[in-house]
Amino acid sequence: MANWAGCLPIDTLKSRYQIAPMGQYTGTVLGSKSVLKEIIQKEGLKSLYKGATPVFLRAFPANAACFFGMETAYSFLNKVM
Amino acid sequence: MSSLAKDFIAGGVGGSCLVVVGHPFDTIKVRIQTSSTGTYKGVVDCATKTMAEGGPFALYRGVWPVLAGVTPMYAMCFFGYGIGKKMFCDEDAYTAENQKLFQIALAGGASALFTTPILAPGERIKCLQQTDKTGKLSGSFAAAVRHVWAEGGVSSLTKGFTATFSRDCVASMFYFSTYEFLKRKFGDMEGKNRGDTPSTLSTLCAGGFGKFLYLIALNILLILL
C-alpha cells in the first residue's frame, strides 16, 4: 500500500504539486492557480494519464512480491515463535 | 508473540518487498508525470535516459523515505482497516456466502485516514528527489528534509496532503474489496471448502491481480465520468 500508486489523475496532480516551489500553485484542484487548471489550459486532460504504463507494469510484480514477503515472514515467525 | 506483533512484522517485510520491486517503476512514473509532453517516448526510453543521467541506481532515487515509511505505514493501514471494519461491516461481511463488498470497500477507505499523515510528507520528499535536476536533493534524505523545512516548515512538508488522502482513500476502497473478492473466487476455483484458509498461490494471485484489476476498473470509471 506504500504503493502507492492509486488513482492516476489525482496522483499526477499530487506529483506536480509536490515538486513545485511553494506558492507556485494555490492547490491541486481548487483556486485560480491550481495544478489542474494549468494542465487543462496548457497540456489538455490527457496529460493527467501520463505515467500510466509504469503503473500497470508495476502493479503485478510489486504486489505479488509484497504478499510473498508477508507469507514468508508469517511462516518464519510461526515456526520460530 | 502476539498475532498483532506478527502482523506488524509481516506487514513490514511485505512492504519492503513491494518497495524493492516496485520503486524503479515508481520513479519512471513520477518522471513521466512531471515531464513536459514529448520528453520521453515511453517507459524504456525514460528508464534509459534516467540511468544515463544518474547512473545505474538512479531508478532507486528517493527509495529511503519510502522504505522508512513502509513499516509504520503498513501497521497503520491495517489498524485503520480494522477500525473501518468495526464501523462499516456487518458480522457476516467476510463470509463467502454473503460477502458484502461495499462494506469492505468503506472499511478499506478508512485506512487512508491513518496512512495519509505518515505518507504525505514522505511522498513530498520522494517526488522532489525523483525529479531533482540540481543534484542537491537526490543525495541524502536528511538534506532533502532540511531543504523542504527551510522552504516553509510544516506547511511545506505536508504539501499535497489532501491530494494524497483523496488518492489513497479511493485506491484503498478498490484495493481491499477487489482483494477480498478475488481471494474468495480463487478459493472457490481450488475447490476449497468455504471457511478454509486460502492457499499461498491464491493469496499471491489475489494480491497481484487485485491491484491490476482495480487499476483498470478505476481508470475505465474515470474515463466514463
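## Chain A at a glance

In chain A, 32% of the contacts with a separation of 6 or more join residues 24 or more positions apart. A contact means that two C-beta atoms, placed from the backbone, lie within 7 Å. This is a predicted model: local features need pLDDT of at least 70, side-chain atom pairs count only at pLDDT 80 or more, and totals for chains, interfaces and linings use all residues. Residues are numbered from 1 along each chain as its sequence is written, while chains are lettered from A and ligands numbered from 1 in the order in which they are written.

Chain A has 3 helices and 0 strands. Helices (H or I, at least four residues) and strands (E, at least two) are DSSP runs, numbered from the N terminus. Of the 81 residues in chain A, 48% are buried. Buried means 20 or more other C-beta atoms within 10 Å of the residue's own, with C-beta atoms placed from the backbone.

## Helix α1 of chain A

α1(A) has 12 residues. From first C-alpha to last it reaches 17 Å, close to the 16 Å expected at 1.5 Å a residue. That expected span is 1.5 Å times one less than the number of residues. Because 11 of its 12 residues are buried, α1(A) is largely enclosed by the rest of the structure. Among the buried ones are A:L8, A:D11, A:R16 and A:Y17.

The axes of α1(A) (residues 8-19) and α4(B) (residues 101-131) come within 8 Å and cross at roughly 75 degrees. Axes are lines fitted to C-alpha atoms, for helices over the stretch in contact, and angles run from 0 to 180 degrees between N-to-C directions. α1(A) is therefore roughly perpendicular to α4(B), a label for angles of 65 to 115 degrees. Here A:K14, A:S15, A:Q18 and A:I19 meet B:E123, B:R124, B:C127, B:L128 and B:T131.

## Where the chains meet

The contact takes 47 residues from chain A and 61 from chain B. On the chain A side, α1 and α3 (52-80) each give two or more residues. The largest share, 22 residues, comes from α3(A).

## Nonpolar cores

A nonpolar core is a set of buried Ala, Val, Leu, Ile, Met, Phe, Trp, Tyr and Cys residues joined through C-beta atoms within 7 Å. The largest has 43 residues, and A:A65 and B:F176 have the most contacts inside it. Apart from it lies another core of 8 residues, including B:I125 and B:V148.

B:F176 touches B:Y81, B:I104, B:A105, B:A107 and B:G108, not counting residues up to four places away in sequence.

Notes: Parallel < 35°, antiparallel > 145°, perpendicular 65-115°, else oblique.
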